[in-house]
Amino acid sequence: MKGSLQTWRSRPEALALLLALGLLALNVVVRPSFGSAGSIPASLAAFAPFAIAAMASAPSVISGGGGIDISIGPLVNLVTIVVVVTLFGHGVTHPLAVIPIALALGLLVGVVNGLLVSVVRYQPVIATLCGYFILTGVGLQIAPSPSSATTSWMNHLADTFGPVPGAVFLIGPPLVLWWLLGRAGYVKRLRAVGGDDATAYANGVGVTAVRVTAYALGGLVAGFGGIASAALLQSGDAGLAGQYTLPAIAAVVIGGTSLLGGRGGLAGPLAGAACIFLVQTLLSSLYVSDSWLQVAYGSMLIGAVIFSGRVPQLRRSNA
Amino acid sequence: MTPPAHAVRLKARSLRKSFGASKALQGCSLDVRAGEIHAVCGENGSGKSTLVKILSGVQRPDVGEYVIGDHPDGTIERPRDALRAGVATVFQELLMVDTVSVLDNLQLGIQPVALGDSSPAEFRRRAQSVLEELLGYCPDLDGAAEGLSLSEKQTCSIARSLLRQPDVLILDEATSALDAESRDRLFVVLNRLRSRGVGIVFISHRMDEVDELADRITVLRSGASVATLERGKFTREDLIHHMTGADQLTAGTSERQNQLDPVSTHAVMRMRGVRIRENSYPVDFTLRQGEIVGVGGLDGHGQDEFLLALWGHQFGSAGGVVVLEDELERPITSASAAVASGIGYVPRERRSQALFPALTIRENFGVRTLERDTVGPFLMWSRTHLRFEHNAKKLNIKFGQDTDLITTLSGGNQQKVILARWLASHPRVLILNDPTRGIDINAKRDLYALLVELADSGVAIVMNSTEIDELVELADRVLVFREGAVARELQREELSRTTLVESFFGMGRSR
């Protein structure tokens with residue numbers, strides 16, 4: 001028993017991954033066309049903004065100290081609005097202009113969040129709640145009413161580039177970035193800071209820099225999410241600012257990431273997001289009312305909390 | 001490159017550091033030479049841990065010079081700076097990050113680039129050999145650190161420092177959790193490092209270890225370095241003398257009159273065979289009516305756990321605590337059972353564990369005994385007010401209105417309110433954890449007089465104190481804790497600063 005618990009603890013995302021695969025199979029059983037080659041790019045494009053928002057929420061949680069970034073959802077939406085309304089609206093459509101601006105906006109907001117949390121020492125929930133309101137308000141200023149625009153490369157992102165689904169180019173970069181940061185040792189420092197910041201500091205880890213970087217990274221990834229959302233919706237709608245906020249945090253938890261920090265990566269939240277997304281598609285294939293969707297999210301969360309939160313506590317009390 | 005013998009690796013001059021009003025260091029100097037083991041000794045609060053924090057870069061001195069090797073003064077601002085300058089520290093409390101693997105813990109703070117010429121595989125091999133040498137085996141390097149035992153964690157944190165190949169190694173109570181064999185293995189390693197020219201700062205509560213290892217000893221007292229003793233050129237008496245500064249003080253005088261013969265009075269509480277730590281010797285203790293039992297020792301040797309055990313906290317399954325009432329034994333297995341049996345407990349952390357900072361003086365006083373002031377379902381605050389006035393007069397509490405916030409009072413008066421809270425329920429036993437901590441001398445005097453009066457009226461008092469003079473002055477007997485067990489019991493006639501400090505360090509006659 002202890003051995004299997006140990007395995008679950010060292011690979012907390014495994015459970016979410018198994019669940020996601022099971023849900024995928026169920027989806028295909030219920031609606032065989034779900035798995036057909038033709039529908040995959042569209043499904044992935046619909047999945048991408050939420051998946052990326054979930055990944056963007058992870059680094060701040062891993063950084064510990066009550067770390068959380070609830071401004072990720074509105075940030076994703078603001079980037080979408082800026083891309084669709086501000087940039088496309090003014091004829092700026094070249095990807096080499098649009099993408100860097102979108103990413104820079106995300107990064108900037110993330111850095112501000114990180115400074116508020118690590119340097120000014122706001123509680124993370126409060127700091128990012130401020131961000132939540134401000135970003136939502138700015139979005140409303142830019143786009144008081146929804147407006148649509150798209151370009152051909154955006155359409156490709158929502159569909160395919162040749163044989164490759166466009167969403168791969170949106171979900172992929174955060175994962176590659178995370179892998180590179182792992183190679184550079186950053187991910188280890190992040191987990192060490194999240195696990196025990198005093199010990200990490202005493203051993204020469206720059207705790208402040210690591211935490212600021214975590215929030216900055218979340219913002220940068222949210223920039224990718226904004227592009228994904230622009231490609232999917234082809235419109236900017238300030239009313240959608242809140243839609244990803246709580247589900248993204250839920251995906252992080254379902255992905256096996258401890259809210260106490262110090263554990264996890266981007267794969268878990270991605271798997272967690274897949275669970276939520278696939279439950280959604282499954283229920284809609286079964287013509288179940290939307291209201292049950294929320295019930296399903298909550299139930300999955302309860303299950304996830306039991307596995308990611310309760311199990312370590314039980315272990316600790318046995319120790 | 002071998003440095004010249006006696007080259008100074010690390011030099012600290014006249015370090016001063018204050019935290020608010022308390023002066024942790026006031027004039028502390030230390031030289032660590034290449035190839036020496038330099039012990040730092042001192043009693044509680046002498047400034048050892050602050051010194052370690054400054055040497056390791058965790059804190060910066062307010063005043064004073066701190067130079068590592070040829071790095072100029074003032075460049076050590078963070079732990080990272082000290083590590084880069086070649087000073088690695090094994091901290092007493094900060095051991096391992098539980099959430100990451102053992103290997104990641106060993107690499108903590110070392111940039112992959114800064115692993116230098118050693119590749120990850122090379123580092124892993126070195127880590128294995130260092131751990132095998134220290135532990136006798138190598139734990140799973142890829143397993144999570146939370147799976148390790150305390151002694152393995154301490155060994156791993158020593159290994160982490162060794163893997164940095166430091167010029168100066170600081171060990172702050174780094175042997176406290178090690179078994180005898182691991183300690184012997186560590187000492188072999190330390191002797192080898194010494195012969196290679198590493199300077200080692202060694203802090204331990206075990207005098208035998210200091211005797212065995214140290215080339216020189218710097219003694220701290222009240223935040224100042226008072227002497228540096230060379231190996232073989234001093235006696236234990238010299239060392240104790242420097243630590244206590246006994247000649248500067250008038251002989252401790254006891255406030256307690258010999259009015260009760262403790263042997264003849266009857267027991268109110270008994271602890272039998274309680275192991276307050278996993279491998280510590282079990283504690284047996286009988287508390288008698290009207291006595292003040294002091295609890296002493298170096299910080300963190302089980303005093304806090306002992307008091308908690310008396311208050312019903314369960315440590316493991318063995319042994320137990322009972323109160324004796326009318327010849328009957330009633331087990332104390334929880335805090336509520338303790339309260340029901342007339343045991344009061346004043347914790348060490350006043351603000352976080354005893355006070356309700358957001359409530360008034362009257363509410364803080366009455367919170368335990370409000371049921372006495374009710375008429376039917378209604379609380380009559382005026383009754384609480386009267387009861388408080390009565391107690392306040394007795395305890396000489398100085399306050400404006402009892403509806404002022406408790407936080408408007410001085411620390412001493414806050415402590416008196418907390419005592420009044422317990423006294424209002426007429427306890428038979430009072431357990432006090434460092435009750436005079438952070439309060440001024442007049443309030444201390446008041447408290448001493450009050451405790452003596454309570455004891456004379458038959459209340460049994462168990463008091464942990466970090467102030468040696470307080471134990472000498474108040475206690476009928478003192479239980480000295482070392483490593484989770486009672487190492488010695490000193491009767492009133494034996495009590496002095498010198499005997500206490502000797503027993504803290506495990507010197508002198510042992511039980």
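These legends accompany several close-up views of a predicted model.

**View 1. How confident is the prediction along chain A?**
Chain A averages a pLDDT of 89, and 93% of its residues score at least 70. Residues 310-319 of chain A are a stretch to treat with care, as the pLDDT there is below 50. In the model, this stretch has 14 contacts beyond near neighbours in sequence. Where pLDDT is low, the predicted coordinates should not be read in detail.

**View 2. Helix 4 and helix 5 of chain A pack against each other**.
Two packed helices are described by the angle between their axes and the distance between the axes. Here, helix 4 (residues 72-87) and helix 5 of chain A meet at an angle of about 145°, and their axes are 10 Å apart. The crossing is right-handed. From helix 4 of chain A come A:Leu75, A:Leu78, A:Val79, A:Val82, A:Val83 and A:Leu87. Helix 5 of chain A meets them with A:Val98, A:Ile101, A:Ala102, A:Leu105, A:Gly106 and A:Val109. Sorted by class, this contact has 11 nonpolar residues, one polar residue and no charged residues.

**View 3. A:Ser118 sits in helix 5 of chain A**.
Helix 5 of chain A covers residues 95-118. Is A:Ser118 buried or exposed? A:Ser118 has a relative accessible area of 9%, so it counts as buried. Leaving aside neighbours within four places in sequence, A:Ser118 is in contact with A:Thr208, A:Arg211 and A:Val212.

**View 4. A six-stranded open sheet in chain B has mixed pairing**.
Follow the strands of chain B in the order 5-6-7-3-8-9. Strand 5 (87-90) and strand 9 (224-230) of chain B are the edge strands, each pairing on one side only. From one strand to the next, the twist averages 20°. Within this view, strand 3 (residues 37-41) and strand 8 (residues 216-221) of chain B run parallel and are joined by four bridges. Look for B:His38, which stands opposite B:Arg216 in strand 8 of chain B. Helix 5 (residues 150-163) of chain B packs on the sheet, where it touches strand 5 and strand 6 (168-172) of chain B. The direction of this helix makes about 175° with that of strand 5 of chain B. Helix 6 (residues 180-195) of chain B lies across strand 3, strand 6 and strand 7 (199-203) of chain B, and runs at about 145° to strand 7 of chain B.

**View 5. Four strands of chain B form an open antiparallel sheet**.
The order of the strands is 11-10-13-14. Strand 11 (283-288) and strand 14 (328-331) of chain B each have a single partner strand, so one side of each is left without a neighbour in the sheet. On average, neighbouring strands are turned by 20° against each other, direction ignored. Five bridges link strand 10 (residues 267-274) of chain B with strand 11 of chain B, and B:Met269 stands opposite B:Leu287 in strand 11 of chain B. Helix 9 (residues 303-310) of chain B lies across strand 10, strand 11 and strand 13 (320-325) of chain B, at about 120° to strand 10 of chain B.

**View 6. B:Ala354 is a buried residue of chain B**.
B:Ala354 belongs to helix 11 (residues 350-354) of chain B, and its relative accessible area is 5%. Not counting residues up to four places away in sequence, B:Ala354 touches B:Pro347, B:Glu349, B:Ile418 and B:Arg421.

Definitions and conventions:
Residues are numbered from 1 along each chain as its sequence is written. Chains are lettered from A and ligands numbered from 1 in the order in which they are written. This is a predicted model: local features need pLDDT of at least 70, side-chain atom pairs count only at pLDDT 80 or more; totals for chains, interfaces and linings use all residues. Side-chain values use heavy atoms; hydrogens and water are left out. Helices (H or I, at least four residues) and strands (E, at least two) are DSSP runs, numbered from the N terminus. Buried means under 20% relative accessible area, exposed over 50%, partly exposed in between (1.4 Å probe, protein chains only). Contact means heavy atoms within 4.5 Å. Axes are lines fitted to C-alpha atoms, for helices over the stretch in contact, and angles run from 0 to 180 degrees between N-to-C directions. A crossing is left-handed if the near helix is turned anticlockwise from the far one by less than a right angle, and right-handed if clockwise. Ala, Val, Leu, Ile, Met, Phe, Trp, Tyr, Cys and Pro count as nonpolar, Asp, Glu, Lys and Arg as charged, and the others, Gly among them, as polar. pLDDT is the predictor's confidence in each residue, from 0 to 100. Two strands pair if DSSP finds at least two bridges between them.
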